[in-house]
Amino acid sequence: MKAYPSIEDLRERARRRVPKMFFDYAEAGSYNQETLRANRADFEKIKLRQRVLMNVDKRDTATTILGEKAALPLALAPIGLGGMMHGDGEIAACRAAQAAGIPYTLSTMSICSIEDVAGAVDKPFWFQLYVMRDRGFIRELIQRAAAAKCSALMLTVDLQVLGQRHCDVRNGLTVPPEIKLRNVIDIATKPGWALSILKGKRKTFGNLAGHVKDMTNINSLAAWTANQFDPTLSWKDVEWVKSLWPGKLILKGILDADDAKIAVTAGADAISVSNHGGRQLDGAPSAIAALPRIVDAVGAEIEVMFDSGIRTGADIVRALALGARSCIVGRSYIYGLGAGGQAGVARAIEILGKELDVTMALCGVNSLAEIDRDVIADSPMDTQRRPQ
Ligand code: GLV
C-alpha cells in the first residue's frame with residue numbers, strides 16, 4: 001500500500017473499489033452536511049507554531065489510553081457495516097490495530113460478530129454499544145462483550161434517533177444489497193470487493209442476527225434503527241449499563257460542557273468529544289471547536305478523548321494541543337479498509353502515526369506530554385499579544 005501516501009489517496013482508492021451505496025454510507029454527513037464540513041474547516045483554521053533548532057531526536061508517540069499502553073494516541077472507531085467495506089472487515093481492522101499497538105472498537109452494527117472477532121485476534125478489543133428498546137437483548141450483548149473479554153465498553157450517546165443521510169435514501173441502502181439492476185452493475189465493476197465479501201463469513205449484522213427478536217426490515221438500516229433504538233435513553237440508563245459492565249466505560253458523543261459534567265458524575269471513565277463525524281445533529285458546532293470548553297470543564301476529572309474530522313497527524317496534534325488525551329478515527333481507517341483490507345488499515349494507521357511524528361518534530365516537541373496550547377500559533381489578528 002506504499003503507493004498511497006495519504007488518507008486522501010486511500011479514500012480515492014476506496015471510492016473506486018467499494019460499491020457506491022457502502023462508500024457513500026461511510027462518507028456522508030447528515031442533512032445539509034454543515035457540521036460535517038465544519039469539522040474539517042475548523043481543523044484547518046488552527047495553525048501550528050513552527051519551532052526550530054529544538055533537538056527533536058528523541059521523539060516518542062507512545063501513551064496510555066484508559067490505562068492501557070498504546071503506541072499512538074489513537075484508537076479505531078466503531079463503524080457500522082465495516083464488513084461491507086471489505087469481507088470480514090472488522091477482523092481485518094482489529095488485526096491491523098492490534099499489530100500497530102492501538103485499540104480497536106467493534107460496533108454493535110458490525111457485520112462480524114463479537115465472537116467472530118474474539119476468535120480471530122489475540123488481544124482484547126473494545127465494544128461499542130447502542131441501547132435498543134429490547135433491554136433483554138442489550139443485557140445479553142453486554143454479557144457477550146464481557147465473555148469475549150472486551151477491555152472497554154463505549155456507549156454511544158448521540159444516536160437515539162438517526163440523523164438522515166440523504167445519499168442512503170437515494171441509494172436505497174440495504175444490507176446485503178438488494179438485487180436491483182443498478183446494484184448488479186455497480187458490483188460487477190468492483191470484482192475485488194465482491195470476491196472479498198463472498199469469502200467473508202457473514203453478509204448481515206453479526207451481533208444481531210439470531211439474537212434480536214424483530215429482525216424484519218433489518219436490511220433497511222434507517223427503518224430498523226427507528227424501530228429498535230431507544231429514544232427514551234437517559235442518564236439513568238448509563239447507571240444501568242454501568243451496573244452490568246465490569247470494565248471501563250467510555251461515553252462517546254459528548255459535545256456540551258454541561259453534559260460532560262454529568263458524565264463525570266455518572267461515573268464514566270472517559271468521554272469522547274464528538275458530533276458523530278457530522279452524521280447526527282446537523283448545525284452542531286465542529287467537535288474541535290467544542291473541545292476546549294469541555295476540557296476546561298472536566299479535563300482534570302475524566303479522560304477526554306476526541307473524534308470527528310481527524311484526517312492527518314497534524315489534526316491529532318491540534319486535538320491534543322486543545323486538551324484531548326487521545327483521538328479516535330473512523331473514516332480515516334475505513335478508507336484504508338475499503339482500499340486494501342487489513343493492509344489498507346495498517347497503512348492508514350502508519351500514515352497518521354508518521355504524520356504525527358513529523359508534525360511533533362516540526363513543532364519542536366519530543367513527547368505527547370509537551371503538546372499543549374502553546375503549540376498553536378496565534379491567529380494573524382492576535383500577533384501583537386505574544387512578545388516576540
Ligand atoms: C452509525 O453509527 C452511523 O453513523 O451510521
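Why is helix α2 largely enclosed by the rest of the structure? Well, 7 of its 8 residues, in the run 20–27, are buried, where buried means under 20% relative accessible area with a 1.4 Å probe and protein chains only. Helices here are DSSP runs of H or I with at least four residues, and strands are E runs of at least two, numbered from the N terminus. Among the buried residues of α2 are F22, D24 and Y25.

A quick word on the basis: this is a predicted model, with local features needing pLDDT of at least 70 and side-chain atom pairs pLDDT 80 or more, while totals for chains, interfaces and linings use all residues. Residues are numbered from 1 along each chain as its sequence is written, and side-chain values use heavy atoms, leaving out hydrogens and water.

Now to the ligand. For polar contacts, pairs of N or O atoms within 3.5 Å, the side chain of Y130 comes to 2.5 Å from a ligand oxygen. R165 also has a polar side-chain atom 2.5 Å from a ligand oxygen, and for H276 the distance is 2.9 Å.

Let's finish with the backbone. V175 and P176 are joined by a cis peptide bond, omega about -5°, and P176 belongs to the loop between α7 and α8. Q33, not a glycine, has a positive phi of about 60°; this residue sits in the loop between α2 and α3.

Conventions. A polar contact is a pair of N or O atoms within 3.5 Å; within protein, one must be able to donate a hydrogen and the other to accept it, and residues adjacent in sequence count only if both atoms are side-chain atoms. Buried means under 20% relative accessible area, exposed over 50%, partly exposed in between (1.4 Å probe, protein chains only).
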